Amino acid sequence: MQLTNRSEVVVNKVMTFKERLYFPAIISGLVITVKHLFKKRATVKYPEEIRPVAPIYRGLHVLKRDEQGRENCTACGLCAVACPAEAITMTAAERKKGEEHLYREEKYAAVYEINMLRCIFCGLCEEACPKEAIFLTDRMLPSDMNRANFIFGKDKLVEGVSNDSRIDISKRTNAHRKD
Amino acid sequence: MPKVTIDGHTIEVAEGTTILEAARMIGGEVAPPAMCFYSKLKTSGGYCRTCIVKVTKGSEKDPRPMPKPVASCRTPVMDGMEVQNKTAPDLVDARAGVVEFLLINHPLDCPICDQAGECHLQDLSYEHGLSKSRYDFKRREFDKIDIGPNIKLHMTRCILCYRCVKVAEQVCDSRVHGVLNRGDVSEISTHIEKALDSDFSGNVIDVCPVGALTDRTFRFKSRVWFTKPVDAHRDCKKCCGRSVLFMSGQEVLRVSVRKDTWGEVENTPEGNPGWLCNECRFEKKSASDWTIEGVRNIDRHSVISQNKYLEVKNLKIDVSNQKLIGEKAHN
């Protein structure tokens, strides 16, 4: 039974004189190669050049701080229970007196880890978060040679306090807004 | 014996049974929720109004309906009484109003609260409440108090159900706490920060339907849905020693009483409520102190059953037949 009309029956036919020269075939092959030199490239030179992504792109996570620089995350565990890949683990701790400028609520995440090898970047953690603490950003997950380096702790996830080290997520949140 | 019909289910109950108890005998959705009534504590109930039901027929002798919804925990059944709970849309609406009132002063700090996941107010507001509060005024504010070394009181979360006061009266040997002040400013407290040090004072944590009284030894240790509840017992001279251990690995994070379908303490085989003493609850925090009976059966709709897998013992791979061989541990 013939499945497609593109199949060709293989025959052991004798090559013609032109085919036996090979030269025209080499030339036509080279023409294709040279044509591609002048075509637009399919790849970009990452990381010098970054391909634009959709406003709702789900890349590397960030743990946000509020305007006063206090961590939003209160270790409620809803992201971890929502996570279908079970990539998130956390340990909570109680805020001490004098730490009010560091953490927004009386409980905070002392340890917060995302296993990036497990993460499928579905964004359910962001959806589950009641405190607007975790967001997915347009940043890419950097590659690494060591598996242990893919477990991102708070040192890699929490954004900085200073204005220029904040991670902008407005593009993403505005894209979700209905009005 | 009076016959009562609740949501179309007829049941014959003993004289003096309340509508709520009759509904619980039928079971399931028919039973109205209760925040303050606790069948194992005498004189409890009548405060929260979440158990209201609509009585469409008073009794066989006087078939007039009752003019207003009644608190089912305090209303005894009459012969031929007809009651509507879930089947009356106006009643469900009225209960949603009650829930909104309960939530007026509640801080809704569930992400922080240790009770989240097993909180009756959380379930109730999820089922009936609005997703947003309509209350614009300032909520009651109280400082957190440590009542003794083991119990934390968050008065802002309290709904004044009086269950803990009844525990102190009926289970503990002495009552050192109660409700101070009146009306909007009333609060559960020990007068001038006294500690609750009765042997059975830890039970106030288990009867609290919200997160007002929580276990300090479990404070912020873990979320309840990350723990693994197992039934366990030990020989204790003071109490029955039957408990649920909330474990993480081999570590016992919290010890609580066994609770039945209605969130109340289970009876022991002898028929007494299985209250736990403070020694069992707060000091026996090692798996070797207990005889573990097996994994506790948790309702699969509960968040506590999330992300729990069956344990498999002696896992082997049969290469020639491409099969996994193992035996299930516990249930």
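The questions and answers below concern a predicted model with chains A and B.

Reader: As compact as what is chain B, going by its radius of gyration?
Author: The secondary structure of chain B comes to six helices and 16 strands. Its radius of gyration is 22 Å, close to the 20 Å that the globule rule gives for 331 residues. Chain B is therefore as compact as a globular protein of that length.

Reader: How many residues does the largest nonpolar core have?
Author: Those with the most contacts inside this core are Ile159(B), Cys164(B), Val167(B), Val204(B), Cys208(B), Leu213(B) and Leu245(B). Leaving aside neighbours within four places in sequence, Val167(B) is in contact with Leu41(B), Cys172(B), Asn203(B), Val204(B) and Val207(B). Another core, of 26 residues, lies apart from it, with Val62(A), Leu78(A), Ala92(A) and Phe135(A) among its members. The largest core has 73 residues.

Reader: Is strand E12 of chain B largely enclosed or left open by the rest of the structure?
Author: Strand E12(B) covers residues 242–248. Six of its seven residues are buried. Strand E12(B) is therefore largely enclosed.

Reader: Which residue of E13(B) is the bridge partner of Leu245(B)?
Author: Strand E11 (residues 228–233) of chain B is joined to E12(B) by six bridges in an antiparallel arrangement, and there Lys228(B) stands opposite Met247(B). E12(B) is also joined to strand E13 (residues 251–256), by five bridges and again antiparallel. In E13(B), the partner of Leu245(B) is Val255(B).

Reader: In the open sheet of chain A, which residue of E5(A) is the bridge partner of Asn115(A)?
Author: The sheet has the order E2-E3-E5, with antiparallel pairing. E2 (88–94) and E5 (151–152) stand at the edges, each with a single partner strand, so one side of each is left without a neighbour in the sheet. Strand E3 (residues 107–115) pairs with E5(A) over two bridges. The partner of Asn115(A) is Ile151(A).

Reader: Which element gives the most to the side of chain A that touches chain B?
Author: The contact takes 13 residues from chain A and 10 residues from chain B. On the chain A side, the residues divide into five nonpolar, two polar and six charged. The element that gives the most, with three residues, is E2(A).

Reader: Which helix is included in what covers the buried residues of H3(B)?
Author: Helix H3 of chain B covers residues 120–128. Its buried residues are His120(B), Leu121(B), Gln122(B), Leu124(B), Ser125(B) and His128(B). What covers them includes residues 89–102 of chain B, helix H2.

Technical notes:
Residues numbered from 1 in each chain as written. Chains lettered and ligands numbered in written order. Predicted model: local features only at pLDDT ≥ 70, side-chain atom pairs only at ≥ 80, totals over all residues. Pairing = 2+ DSSP bridges. Helix = DSSP H or I, 4+ residues; strand = E, 2+ residues; numbered from the N terminus. Contact = placed C-beta atoms within 7 Å. Nonpolar A, V, L, I, M, F, W, Y, C, P; charged D, E, K, R; others polar. Core = buried A, V, L, I, M, F, W, Y, C linked by C-beta atoms within 7 Å. Buried ≥ 20, exposed ≤ 12 C-beta atoms within 10 Å, placed from the backbone. Rg over C-alpha atoms; globule rule 2.2 N^0.38 Å.
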